[in-house]
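Okay, thanks for coming, everyone.

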Amino acid sequence: MPQTETPGIEAASRTRLRWWTELPLILLVYACYSAGRLLARGDVSTAVDHGLAILRIEKFFHINAEHPLNRLFTREAWLGVPADFWYASLHYLVTPVILVWLFRSRAVRYRAARTWLMTSTFIGLIGFTLLPTCPPRLLSAGHGFVDTMAQYSSHGWWGGEASAPRGMGGMTNQYAAMPSLHVGWALWCGVMLWRYGGTRTAKAAGVAYPLLTTIVVMGTANHYFLDAVAGVAVMGVGLLLAPAVMRYSDRVRARIEVRFAAAPVSSLGTEASIVSGGCQTSAGERIPRQRPEARFGPGAEPSTSPSDAGEGAPAAAR
């Protein structure tokens with residue numbers, strides 16, 4: 001019974017993702033994210049103007065929730081210190097853990113989820129470049145904000161310059177506040193936990209993690225409320241663009257595979273066109289070294305042929 005291939009099996013094997021290709025890709029995206037934040041510093045006065053404009057809009061609509069939260073975190077160390085640890089570390093830990101979990105247990109969903117996260121991250125970098133924004137903690141004291149990370153720096157590895165390790169503040173862009181990718185990445189993690197967690201605990205964590213992250217970024221005076229809203233908007237745009245990004249990636253991959261496969265196929269076809277491979281055949285012989293038995297007399301050696309008896313010798317009887 002002839003074997004038949006199940007449609008899609010070959011395509012699935014070609015697009016199967018491997019950790020040794022995924023890890024460099026993720027590291028490359030994170031390197032671009034870090035470099036983009038570092039390069040898109042912008043003018044400080046422009047960043048301050050943008051921050052004050054956001055604060056005025058929030059006050060006009062009475063949505064400046066960062067003010068009461070920051071006062072609470074400044075007054076209560078049992079809230080402020082954990083919040084600083086949350087802001088400085090969890091987005092570096094939770095996001096990779098969710099990616100690894102999806103890769104290992106939800107491989108069918110992993111590629112779409114990873115593409116969504118990376119596309120949104122690049123959109124966020126565009127926002128950092130076009131709209132450098134001074135975070136609340138770097139505004140003058142008259143605006144009523146306290147930098148909790150500077151206040152509680154003795155409790156952690158960070159200093160007074162964002163969440164960078166103490167003494168390395170110059171290697172980060174402190175004016176990359178709009179949009180808040182802390183909130184954006186937390187939202188992505190929450191959606192993954194809600195959709196694929198499978199348990200009530202996972203779904204509860206999927207709701208709590210982005211909400212608590214939003215409270216943390218405002219209470220520590222690292223972001224405005226509108227920064228958090230912009231982070232959610234960036235994730236929405238990234239979700240819409242992710243299918244188009246995957247289709248384009250598939251086309252590029254197909255072109256690369258065709259280009260690399262063309263050379264071996266053409267060389268194989270050239271070799272296959274030479275049938276005899278340099279061997280010469282005698283008259284009337286179709287295939288080298290495969291002669292009919294009737295052409296040899298009794299006791300004759302296969303290596304002898306009628307031509308060996310001379311040109312005038314009669315042909316063998318048939």
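So, first thing: Asp 250 forms a salt bridge with Arg 111, and the closest N and O atoms are 2.8 Å apart. By salt bridge I mean a side-chain nitrogen of Lys or Arg within 4 Å of a carboxyl oxygen of Asp or Glu. This pair links distant parts of the chain, with Asp 250 in helix 10 and Arg 111 in helix 6, 139 residues apart. Asp 250 is partly exposed at 34% relative accessible area, while Arg 111 counts as buried at 16%. For those words, buried is under 20% relative accessible area, exposed is over 50%, and partly exposed is in between, using a 1.4 Å probe and protein chains only.

Quick housekeeping. Residues are numbered from 1 along each chain as its sequence is written, and side-chain values use heavy atoms, with hydrogens and water left out. This is a predicted model, so local features need pLDDT of at least 70 and side-chain atom pairs count only at pLDDT 80 or more, whereas totals for chains, interfaces and linings use all residues.

How many salt bridges are there by this rule? The count is three. Another one joins the side chains of Asp 147 and Arg 137, at 3.1 Å from N to O. Both partners sit in the loop between helix 6 and helix 7, 10 residues apart. Asp 147 is buried at 13% relative accessibility, and Arg 137 is buried too, at 7%. Then there's Glu 76 with Arg 75, at 3.8 Å, N to O. There, Glu 76 is partly exposed at 26% and Arg 75 is exposed at 57%.

Okay, zooming out. The protein has 10 helices and zero strands. Helices here are DSSP runs of H or I with at least four residues, strands are runs of E with at least two, and the numbering goes from the N terminus. Of the 318 residues, 35% are buried. If you take contacts with a separation of 6 or more, 78% are between residues 24 or more positions apart; contact means heavy atoms within 4.5 Å.

Now the core. The largest nonpolar core has 22 residues, and the ones touching the most other members are Ile 98, Leu 102, Trp 116, Trp 188 and Met 192. A nonpolar core, for us, is a set of buried Ala, Val, Leu, Ile, Met, Phe, Trp, Tyr and Cys residues joined through side-chain atoms within 4.5 Å. Which helix supplies the largest share of this core? That's helix 8, with eight residues.

So let's stay on helix 8. It has 16 residues and reaches 22 Å from its first C-alpha to its last, close to the 22 Å expected at 1.5 Å a residue. That expected span is 1.5 Å times one less than the number of residues. The helix is mostly covered, with 12 of its 16 residues buried, among them Trp 185, Trp 188, Cys 189 and Met 192. Look at Trp 188: leaving out neighbours within four places in sequence, it contacts Thr 95, Ile 98, Leu 99, Leu 102, Ala 113, Trp 116, Leu 117 and Met 235.

In the loop between helix 7 and helix 8 you'll find Pro 179, and a cis peptide bond joins Met 178 to Pro 179, with omega about 0°. After helix 8 comes Gly 198, which has a positive phi near 85°.

Two residues other than glycine also have positive phi. His 62, near 55°, is in the loop between helix 3 and helix 4 and is exposed at 70%. Ala 221, near 65°, is in the loop between helix 9 and helix 10, and is buried, at 0% relative accessibility.

Last stop, helix 10. Val 232 lies in this helix and is partly exposed at 41%. Not counting residues up to four places away in sequence, Val 232 touches Val 183 and Leu 187. Phe 260 is in helix 10 as well, and is exposed at 65%. Together with Tyr 248, Val 252 and Ile 256, Phe 260 forms a nonpolar surface patch with about 430 Å² of accessible area. Patch members have over 30% relative accessible area and no salt bridge, with like charges joined within 9 Å and nonpolar side chains (Val, Leu, Ile, Met, Phe, Trp, Tyr) within 5 Å. The areas come from the Shrake-Rupley method with a 1.4 Å probe, and for residues only the protein chains shown count as cover.
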